[in-house]
Amino acid sequence: MNIFDSFNINSSGMTAQRFRMDIISENIANANTTRTKDGEHPYTRKVVRFAEKGTQTPFSRILNERLDHYSGRGVKVVQVQDDTWTQYNVVYDPSHPDADENGYVTYPNVNTVTEMTNLIDASRSYEANATAFNASKNIATRGLELGQG
């Protein structure tokens, strides 16, 4: 592992966490959206899935063994998935324009407290990757300074 691998790992982590923060922000912004473009369903919460960067199938792993050694590892966004396991919030509000025939409104399955907790987690992960990136940069700079002495 060389010094540039750590830059790749940390930058991939920062990119992934930044994307996660964007999706969380979208969830929070749509927490009260009772009707999407199709006009029938409320907004559905989205969740980001990560995976290790550089994992390959057995054939491509063997074929690219040397190239993969230099590509570094890290994390990548695999999928933005709709949260189908959390139920929508149903609230009795017969005056709401999106109320059903019984007076109930279906709100998104977005819990603002959960989203804020996830946002703090993503922010801290981003900061940790930025700190590690800066530490690697300082080590590289010191190494160059030693070579000049």
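Trainee: Asp 82, buried, exposed or partly exposed?
Mentor: Asp 82 is partly exposed, at a relative accessible area of 38%. Buried means under 20% relative accessible area, exposed over 50%, and partly exposed is in between (1.4 Å probe, protein chains only). The model is predicted, so local features need pLDDT of at least 70 and side-chain atom pairs count only at pLDDT 80 or more, while totals for chains, interfaces and linings use all residues. Residues are numbered from 1 along each chain as its sequence is written, and side-chain values use heavy atoms, with hydrogens and water left out.

Trainee: What does the side chain of Asp 82 meet in a salt bridge?
Mentor: The side chain of Lys 46, at 3.9 Å from N to O. A salt bridge here is a side-chain nitrogen of Lys or Arg within 4 Å of a carboxyl oxygen of Asp or Glu. Asp 82 is in strand β2 and Lys 46 in strand β1, 36 residues apart, so the pair links distant parts of the chain. Helices (H or I, at least four residues) and strands (E, at least two) are DSSP runs, numbered from the N terminus.

Trainee: And Lys 46, what's its relative accessibility?
Mentor: It is 23%, so Lys 46 counts as partly exposed. Through salt bridges that share partners, Lys 46 and Asp 82 are joined with Glu 26 in one network.

Trainee: How many salt bridges by this rule?
Mentor: The count comes to 8.

Trainee: New topic. Which residue forms a salt bridge with Asp 83?
Mentor: Arg 45, with the closest N and O atoms 2.9 Å apart. Asp 83 sits in the loop between β2 (75–82) and β3 (89–92), and Arg 45 in the loop between α1 (3–29) and β1 (46–52), 38 residues apart. Both Asp 83 and Arg 45 are buried.

Trainee: Which Glu forms a salt bridge with Arg 45?
Mentor: Glu 115, where the closest N and O atoms are 2.4 Å apart. Glu 115 is in helix α4 (residues 112–148) and Arg 45 in the loop between α1 and β1, so the pair ties together parts 70 residues apart in sequence. Arg 45 has 12% relative accessibility, so it counts as buried.

Trainee: Why does Glu 115 count as buried?
Mentor: Because its relative accessibility is 1%.

Trainee: Which side chain makes a polar contact with the side chain of Glu 115?
Mentor: That of Asn 27, at 3.3 Å. A polar contact is a pair of N or O atoms within 3.5 Å; within protein, one must be able to donate a hydrogen and the other to accept it, and residues adjacent in sequence count only if both atoms are side-chain atoms.

Trainee: What else is Glu 115 in contact with?
Mentor: Leaving aside neighbours within four places in sequence, Glu 115 is in contact (heavy atoms within 4.5 Å) with Ile 24, Asn 27, Ile 28, Arg 45 and Val 110.
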